[in-house]
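Please keep the sequence and the model in view while reading.

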Amino acid sequence: MQKVNPPKVFGRIDSLERNFSKLIKMTHYTPVTTPTFYSTLSELTQQNLDTFQNNSKINSPVAMNPTKTDILVVIDAQVEEAEKLFKGVVTQAKAIVIDPNKDGVEQITEAIKENSNISEIQIISHGSPGCLQLGNSELSLETLNRYANSLQTWSVSSLLLYGCNVAAGDAGVEFIEKLGKITGAKIAASANKIGYSALGGDWNLEVKTEEFEVSLALTLDAIANYKFTFPRPIEIRNEDIINLQES
């Protein structure tokens with residue numbers, strides 16, 4: 001029987017490897033890199049910015065969105081370190097601070113008149129179930145009818161209410177539902193504490209009149225370095241003190 005020599009497999013593999021290496025060099029292979037995320041827009045290089053704008057699958061905060069210019073952030077001056085929050089608003093959003101000695105609802109109404117392109121309002125203030133403190137006034141179940149005419153001029157698509165417990169309980173749910181009907185806007189609020197996690201807070205608005213995307217217009221640094229929450233201060237009247245002393 002004639003002996004058959006096995007094929008030189010290893011020699012062929014070596015040859016293929018050499019040819020493949022040459023092919024890679026000829027095609028100038030460039031590895032694919034993952035885009036880097038940054039806490040503020042100013043830290044983006046133009047190359048990374050172009051990558052971000054062209055990637056529709058990236059779900060990012062407003063701080064990373066250079067085309068978002070229709071947000072008004074309202075900060076009540078009575079919250080702790082309001083100035084820090086004001087400085088922490090992303091550059092793509094407009095921001096105002098509510099004068100504590102004036103009607104806050106009317107101040108917001110005037111700001112909207114001066115900025116006709118606003119489609120979303122984010123309010124950062126002290127809150128309680130069914131109530132937001134705004135300047136020397138409050139927006140609540142009890143005052144909605146009083147402010148109805150002003151609220152109807154808030155021609156925005158969404159209202160984000162960053163106050164503690166605003167949507168808590170029956171009063172909270174009724175408040176955001178009525179506010180939505182008056183303004184025609186989608187409402188998002190929280191039934192829990194808003195703010196610093198070590199104090200039991202977070203920045204989530206888990207109660208909504210309808211489902212929609214919510215993004216807080218503060219930089220990541222501002223959120224991480226804020227050490228307070230937004231509960232509404234308890235008002236103690238003189239007669240309450242007398243009653244406590246007598247009991």
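**A loop residue and its contacts**

Threonine 153 touches Thr109 and Ile112, residues up to four places away in sequence not being counted; a contact means heavy atoms within 4.5 Å. The model is predicted: local features need pLDDT of at least 70, side-chain atom pairs count only at pLDDT 80 or more, and totals for chains, interfaces and linings use all residues. Residues are numbered from 1 along each chain as its sequence is written, and side-chain values use heavy atoms, with hydrogens and water left out.

- Threonine 153 lies in the loop between helix H5 (148-151) and S7. Helices (H or I, at least four residues) and strands (E, at least two) are DSSP runs, numbered from the N terminus.
- The relative accessible area of threonine 153 is 37%, so this residue is partly exposed. Buried means under 20% relative accessible area, exposed means over 50%, and partly exposed lies in between (1.4 Å probe, protein chains only).
- Threonine 153 and glutamate 110 are 43 residues apart along the chain, and their C-alpha atoms are separated by 9.9 Å.

**Confidence of the prediction**

- The mean pLDDT of the protein is 76, and 66% of its residues reach 70 or more. The term pLDDT denotes the predictor's confidence in each residue, from 0 to 100.
- Confidence is lowest in helix H2 (residues 46-54), with a mean of 36, and highest in S8, at 98.
- Over residues 20-68 pLDDT stays under 50, and the model has 44 contacts beyond four places in sequence for them.
- Over residues 235-245 pLDDT also stays under 50, and the model has one contact beyond four places in sequence for this stretch.

**The six-stranded sheet**

- Strands of a sheet pair through backbone hydrogen bonds, either parallel or antiparallel. Here, two strands pair if DSSP finds at least two bridges between them.
- Six strands form an open sheet in the order S2-S1-S3-S7-S8-S9, with mixed pairing. Its edge strands are strand S2 (94-98) and S9, each of which pairs on one side only.
- Strand S1 (residues 71-76) runs parallel to S2 and is joined to S2 by five bridges. Valine 73 stands opposite alanine 95 in S2.
- Strand S7 (residues 158-162) and strand S8 (residues 186-189) run parallel and are joined by three bridges. The chain passes from S7 through helix H6 (residues 169-183) to S8 in a right-handed β-α-β crossover. Right-handed means that, with the strands pointing away from the viewer, the path from the first strand over the helix to the second runs clockwise.
- Leucine 160 has alanine 188 in S8 as its bridge partner.
- S8 and strand S9 (residues 207-208) run antiparallel and are joined by two bridges. The bridge partner of alanine 189 is valine 207 in S9.

**The three-stranded sheet**

- Three strands form an open sheet in the order S4-S5-S6, with antiparallel pairing. The edge strands are strand S4 (127-128) and strand S6 (137-140), each pairing on one side only.
- Two bridges connect S4 with strand S5 (residues 131-134) in the antiparallel sense. Serine 128 stands opposite cysteine 131 in S5.

**Aromatic rings**

- The structure holds five aromatic pairs. Rings of Phe, Tyr and Trp (its six-membered ring) pair if their centres lie within 6.5 Å; planes under 30 degrees apart count as stacked, over 60 as edge-to-face and the rest as tilted.
- The rings of tryptophan 203 and tyrosine 226 have centres 6.2 Å apart and planes at 65 degrees, so this pair is edge-to-face. Tryptophan 203 is in the loop between S8 and S9, and tyrosine 226 is in the loop between helix H7 (220-224) and helix H8 (238-246), 23 residues apart.
- Tryptophan 203 is buried at 15% relative accessibility, and tyrosine 226 is buried at 2%.
- Tyrosine 226 and phenylalanine 228 have ring centres 5.5 Å apart and planes at 65 degrees, so this pair is edge-to-face. Phenylalanine 228 is partly exposed at 26% relative accessibility.
- Ring pairs link Tyr162, Trp203, Tyr226, Phe228 and Phe230 into a cluster.

**Residues with positive phi**

- Glutamate 81 is not a glycine, yet has a positive phi of about 50 degrees. Glutamate 81 lies in the loop between S1 and helix H3 (82-87).
- Asparagine 165 is not a glycine either, and has a positive phi of about 60 degrees. Asparagine 165 is in the loop between S7 and H6.
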